[in-house]
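Welcome, and please take a moment to look over the chain before reading on. The report below walks through its helices, its charged pairs, its rings and one patch on its surface.

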Amino acid sequence: AMHNYLLRFVFILLILSCVTTSVESQTAGKERYTEDAIQLQDLYIKANQKKLLGKYDEAAEILGKLIEKDPLNASAYHDLARVHLALKEYDDAIKAGKKAIQYAPGNIWYILTLSEIYGYNEDPSNQAATLQKAISIESDEGLYSRLADSWLTAKQPQKALEVYKAAIEKF
């Protein structure tokens, strides 16, 4: 009887050992958040809170700190572009928008934001060029219409007609 008891005890220890090792190996491969990553996320959240509250100067300051710590963060540049746009600081908005696209070249939302900034900055030629880039990523009827409008605003009706013709052929 003592022998069976000892075998059961060893068997239970062996099972517990295997379960513990399995759990440790499953968690060992998963990335854990570093303190730096948590701080960056905290800055991003704080900046967006300020932006939502209309405190754009404070949001720009926080996004600047975030970009200092994470200079390749396309999302931070995009948000900074939107903040500068809200402040009507078009040159700064364009710089930040271009950086966002530089680090995330296929992100259509970043491209459309830059196009919007060019529109507010009364720069229809650059707006049209940016919309053309957006169309090359995502062919959308509404984008063709916006592109044609940009060319009309730029007083280039021939280019607007070409866009309309292309849209008619495509759709």
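## A guided look at the chain

Arg82 is partly exposed, with a relative accessible area of 28%; here buried means under 20% relative accessible area, exposed over 50%, and partly exposed in between, using a 1.4 Å probe and protein chains only. Please keep in mind that this is a predicted model, in which local features need pLDDT of at least 70 and side-chain atom pairs count only at pLDDT 80 or more, while totals for chains, interfaces and linings use all residues. Residues are numbered from 1 along each chain as its sequence is written, and side-chain values use heavy atoms, with hydrogens and water left out.

**The overall picture**

The chain has nine helices and zero strands, where helices (H or I, at least four residues) and strands (E, at least two) are DSSP runs numbered from the N terminus. Read from the N terminus, the order of elements is α-α-α-α-α-α-α-α-α. Of the chain's 171 residues, 32% count as buried. Its accessible surface comes to about 11500 Å², and carbon and sulfur atoms hold 56% of that; such areas come from the Shrake-Rupley method with a 1.4 Å probe, and for residues only the protein chains shown count as cover. Among contacts with a separation of 6 or more, 43% are between residues 24 or more positions apart, a contact being heavy atoms within 4.5 Å.

**Charged pairs**

Side chains of opposite charge can pair when their charged atoms come close. How many salt bridges does the structure hold? There are five salt bridges, each defined as a side-chain nitrogen of Lys or Arg within 4 Å of a carboxyl oxygen of Asp or Glu.

| Nitrogen side | Oxygen side | Distance |
|---|---|---|
| Lys46 | Asp42 | 3.1 Å |
| Lys50 | Glu58 | 3.1 Å |
| Arg82 | Glu116 | 2.9 Å |

Arg82, where this tour began, pairs with Glu116. Glu116 lies in helix 6 (residues 108–120) and Arg82 in helix 4 (residues 74–86), so their bridge ties together parts that are 34 residues apart in sequence. Glu116 is partly exposed too, at 26% relative accessibility.

Lys46 has a relative accessible area of 39%, so it is partly exposed, and Asp42 counts as partly exposed at 35%. As for the pair of Lys50 and Glu58, Lys50 is partly exposed at 23%, and Glu58 is partly exposed at 36%.

**Ring pairs**

Next come the aromatic side chains. Rings of Phe, Tyr and Trp (its six-membered ring) pair if their centres lie within 6.5 Å; planes under 30 degrees apart count as stacked, over 60 as edge-to-face, and the rest as tilted. By this rule there are two aromatic pairs. Tyr77 and Tyr103 have ring centres 5.8 Å apart and planes at 35°, so this pair is tilted. Tyr77 is in helix 4 and Tyr103 in helix 5 (residues 90–103), and the pair links distant parts of the chain, 26 residues apart. Is Tyr77 buried or exposed? Tyr77 counts as buried because its relative accessibility is 11%, whereas Tyr103, at 28%, is partly exposed.

The rings of Tyr144 and Phe171 have their centres 5.5 Å apart and their planes at 80°, which makes the pair edge-to-face. This pair also links distant parts of the chain: Tyr144 belongs to helix 8 and Phe171 to the segment after helix 9 (157–170), 27 residues apart. Tyr144 is buried at 11% relative accessibility, while Phe171 is partly exposed at 47%.

**A histidine and a surface patch**

Back in helix 4 you can find His84. This histidine counts as buried, with 11% relative accessibility. Leaving out residues up to four places away in sequence, His84 touches Glu89, Asp92 and Ala93.

Finally, which residues form a nonpolar patch on the surface? Leu152, Leu161 and Tyr164 do, with about 270 Å² of accessible area together. Patches are made of residues with over 30% relative accessible area and no salt bridge; like charges are joined within 9 Å, and nonpolar side chains (Val, Leu, Ile, Met, Phe, Trp, Tyr) within 5 Å. Leu152 is part of helix 8 (residues 141–153), and at 44% relative accessibility Leu152 is partly exposed.
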